[in-house]
Amino acid sequence: MNDDVRKYIYGALTVFVVGVLVWVGFLFVNACGFSLACNRGAFTVDRTPVPTLLPANLPVMQSGEMTAASDQCRVAAVDLLGAWVEAGSPETDAFQFVDVNGQNCESTFDEVKPLFIEANLWYSGSRSCVTCHGADVAAASAQLDLSTYAGITAGSRRADAESNGTDILGAGTWESSLLYDFVTTGKAGISGHDDIASNLLIFAGKALPVPDPTATPSPVVEATATPTP
Ligand code: HEC
């Protein structure tokens, strides 16, 4: 009788221990498979929950809608270039153009120049024109220096820094100019020209005050002298 009770107790204990081992084994195999090189239980590297280094790769703001002052004009970069060329490519004088909203606007060469100088402008990741068409005429692509006003107006294919070359501004006729051709048409095989976007919109210039045709000149009020007693 005593032996039977002992048998049951030992039996139950054995079943319990085997059960625990099987359960632990099951968990291990479940998590790690049959590999002993499993490190799922290893301590994880401590990290601060606060991201300290944010990746600085936010996309370039294409349409600076939020940064635009209310009297700024919005225009296709190509059209700004065109208006400047058609106005005789003035160095300091203002020239006028009509922006995408039909406003009459005014700008100067100061706002044209960045189109040649700035990288990442015509399209995301684009090189600036001056990386290839730099100040060193002999080394520049097409012997064209786009880094200064003098360089731009001196043209391309120049023999040296002193001489003028081919007019890239079409003698003031924008659509027949080399510049127009090279910024509006992708040139397959010419690096820097294979994917220039011609529809880039920029903010440039200032809106000119709209003359109000209904306004009547305010009558000049004659200042009446205060009568002295
Ligand atoms: C990666 C280099 C590179 C970049 C960037 C580049 N160009 Fe050029 N560009 C060239 C090369 C090379 C040629 C000559 C193509 C040829 O021989 O027909 C050329 C030719 C030209 C020409 C025609 C000159 C001629 O006499 O045939 C113009 C105009 C021009 N580029 C303007 C620009 C402008 C504007 C930009 C910037 C928006 C620009 N390029 C950016 C390499 C570049």
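## What surrounds the ligand, and how the sheet is built

Sorted by class, the shell around the ligand holds 13 nonpolar, eight polar and two charged residues. Here Ala, Val, Leu, Ile, Met, Phe, Trp, Tyr, Cys and Pro count as nonpolar, Asp, Glu, Lys and Arg as charged, and the others, Gly among them, as polar. This is a predicted model, where local features need pLDDT of at least 70 and side-chain atom pairs count only at pLDDT 80 or more, while totals for chains, interfaces and linings use all residues. Residues are numbered from 1 along each chain as its sequence is written, and side-chain values use heavy atoms, with hydrogens and water left out.

So who's in the shell? The ligand is surrounded by 23 residues, and the closest are C129, C132, H133, S156 and H193.

| Side chain | Ligand atom | Distance |
|---|---|---|
| S156 | oxygen | 2.6 Å |
| R157 | oxygen | 2.8 Å |
| H193 | nitrogen | 2.7 Å |

The space taken by the ligand is the largest pocket. The elements that give two or more residues to the shell are α5 (129–132) and α7 (178–184). The largest share, four residues, comes from α7. Helices (H or I, at least four residues) and strands (E, at least two) are DSSP runs, numbered from the N terminus. A pocket, on a 1 Å grid over the protein atoms alone, is an open set of points where a 1.4 Å probe fits, with protein on both sides within 12 Å along at least five of seven lines.

Now for the sheet. What is the order of its four strands? The open sheet runs β1-β4-β3-β2, with antiparallel pairing. β1 (72–76) and β2 (95–98) sit at the edges with a single partner strand each, so one side of each has no neighbour in the sheet. From one strand to the next, the twist averages 55°.

Two strands count as paired if DSSP finds at least two bridges between them. β2 joins β3 (residues 104–107) over four bridges, and Q96 stands opposite E106 in β3. Five bridges link β1 to β4 (residues 201–207), with A76 opposite L201 in β4. β3 and β4 pair over two bridges, and C105 has A207 in β4 as its bridge partner.

Notes:
Near = heavy atom within 4 Å. Polar contact = N/O pair within 3.5 Å; in protein donor to acceptor, adjacent residues only side chain to side chain. 1 Å grid on protein atoms, 1.4 Å probe; cavity = no way out; pocket = protein on both sides within 12 Å on 5 of 7 lines; lining within 4 Å. Sits in = over half its atoms within 2 Å of the grid points. Axes fitted to C-alpha atoms, helices over the stretch in contact; angles between N-to-C directions.
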